[in-house]
Amino acid sequence: MQNIKVWDPAVRLFHWSLVIAFTANALILDDDSKLHQYVGYVVVGLVAFRVLWGFVGSQYARFSSFPPSVAGATEQLSDMATGRTKIHVGHTPLGALMIYNLLGTLAIIGASGYLMTTDMFWGVEWPEEIHELSVAWAEFSVVLHIAAVLFESRRTKVNLPRAMMTGVKTVPDAKGG
């Protein structure tokens, strides 16, 4: 077993701050409250930070370390179906697709939420419909993400939640994607 520093403090702070802010806005705060708007701005700020950090951050935070790959995702699904285990030091191909999905969805949620506050779109239905559909998609994606993290942790014997807390992955072999 090898301990590898993977998630830098900025990635971990982003991740857990986003968990708190999204959960607050999706499940706790009143949709019509000013606090909901302010937390929405925090989410947009976090997404903007993560996009920037995806270009200038540490090795495993950079988008170049986990490009979207249908072929990689298909290979990972095949590995899962056949019982093969390939350890990925950084994000897995399916994990990468989920990150891009969530970042894009959160950006759409933020943009549509902002549009609803403007004079031009006040009372117009489509921004609210896009907002609500995107929130529902994000909630579904988050549940799928959590399930996949737990499944892959068990399947690969790499404790992914602990790695996101500590920044260190304990892996059987450092080779992989």
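This is a predicted model: local features need pLDDT of at least 70, side-chain atom pairs count only at pLDDT 80 or more; totals for chains, interfaces and linings use all residues.

Reader: Why is S141 called buried?

Author: Buried means under 20% relative accessible area, exposed over 50%, and partly exposed in between (1.4 Å probe, protein chains only). S141 has 2% relative accessibility, so it counts as buried. You'll find S141 in helix 5; helices (H or I, at least four residues) and strands (E, at least two) are DSSP runs, numbered from the N terminus.

Reader: Which residues does S141 touch?

Author: Leaving aside residues up to four places away in sequence, S141 touches M98, N101 and L102. Contact here means heavy atoms within 4.5 Å.

Reader: How do you know what span to expect for helix 3?

Author: The expected span is 1.5 Å times one less than the number of residues. Helix 3 (residues 70–82) has 13 residues, and the expected 18 Å is close to the 18 Å it reaches from first C-alpha to last.

Reader: What makes you say that the buried residues of helix 3 line one face?

Author: Those buried residues are G72, A73, Q76 and D79. Seen down the axis of helix 3, they fall within an arc of 120 degrees, so they line one face; the arc is that of the directions from the helix axis to the C-beta atoms. They pack against helix 4 (93–115) and helix 5 (125–156). On the face turned away sit the exposed residues V70, A71 and A81.

Reader: What makes a space a pocket, and how much space lies in the largest one?

Author: On a 1 Å grid over the protein atoms alone, a pocket is an open set of points with protein on both sides within 12 Å along at least five of seven lines, whereas in a cavity a 1.4 Å probe fits but cannot get out. About 1,200 Å³ lies in the largest pocket, a volume being the space filled by probe spheres set on the points, which are joined across faces, edges and corners. Of its 40 lining residues (an atom within 4 Å of a point), the closest to the centre are H15, M98, L102, H145 and V149. Helix 5 gives the most to this lining, twelve residues.

Reader: What is the volume of the second largest pocket?

Author: About 870 Å³.

Note on methods: Residues are numbered from 1 along each chain as its sequence is written. Side-chain values use heavy atoms; hydrogens and water are left out.
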